[in-house]
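This report describes one protein structure for a reader who is new to it. Please look at the sequence and the model before reading on.

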Amino acid sequence: MSLVESCQKALEWILRTHGAEGRPIRRCWIDQPYGEEELTLLEEEVLPVMAAFLERIDAIDQGLEARLQDEIAAQESQMSEGAGAG
């Protein structure tokens, strides 16, 4: 699991447990918790961006895997052609 996936799952859990109960989320770096407005922004703006980021990573990974499979198939083809010539 990637770091972004872990962060996404953690954020979803926090929003589910705190947001559903209307509890603010404490921020340790400043003395002002995320309130209802900030929770809504996280849900509506941050989570979709994280999902799009993960989808793009998946698309890149699929492209890399396809390219690797093509390279393996080409090498196997060359090897079988070379074995047939000998």
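In which helix does A59 lie? A59 lies in helix α2, where helices (H or I, at least four residues) and strands (E, at least two) are DSSP runs, numbered from the N terminus.

The model is predicted: local features need pLDDT of at least 70, side-chain atom pairs count only at pLDDT 80 or more, and totals for chains, interfaces and linings use all residues. Residues are numbered from 1 along each chain as its sequence is written, and side-chain values use heavy atoms, with hydrogens and water left out.

**Overall form**

The protein has two helices and zero strands. Its radius of gyration, taken over C-alpha atoms, is 23 Å. Along the principal axes, the C-alpha atoms fill a box of roughly 75 × 20 × 20 Å. Of the 86 residues, 13% are buried; buried means under 20% relative accessible area, exposed over 50%, and partly exposed in between (1.4 Å probe, protein chains only). Contact means heavy atoms within 4.5 Å. Among contacts between residues at least 6 apart in sequence, 53% join residues at least 24 apart.

**The nonpolar core**

A nonpolar core is a set of buried Ala, Val, Leu, Ile, Met, Phe, Trp, Tyr and Cys residues joined through side-chain atoms within 4.5 Å. The largest one has seven residues: L11, L15, I25, L39, L42, L47 and M50. Helices α1 (3–19) and α2 (36–85) are the elements that each give two or more residues to this core, and α2 gives the most, with four.

**Individual residues**

| Residue | Relative accessible area | Class |
|---|---|---|
| C7 | 37% | partly exposed |
| Q8 | 14% | buried |
| C28 | 67% | exposed |
| T40 | 29% | partly exposed |
| A59 | 39% | partly exposed |

Q8 is found in helix α1. Leaving aside its neighbours within four places in sequence, Q8 is in contact with L47, M50, A51 and L54.

T40 is found in helix α2. The C-alpha atoms of T40 and L15 are separated by 9.1 Å, and these residues are 25 apart along the chain. A59 and Y34 are also 25 residues apart in sequence, but their C-alpha atoms are 33 Å apart in space.

**Rings and cysteines**

Y34 also takes part in a charge-ring arrangement: R27 lies over the face of Y34, at 4.3 Å from the ring centre. A charge sits over a ring if NZ of Lys or CZ of Arg is within 6 Å of the ring centre and within 35 degrees of the ring normal.

A disulfide is a covalent bond between the sulfur atoms of two cysteines. Here it is taken as a pair of cysteine sulfur atoms within 2.5 Å, and a search of the whole structure finds zero disulfides.

Technical notes: The radius of gyration is taken over C-alpha atoms; the globule rule is 2.2 Å times the number of residues to the power 0.38.
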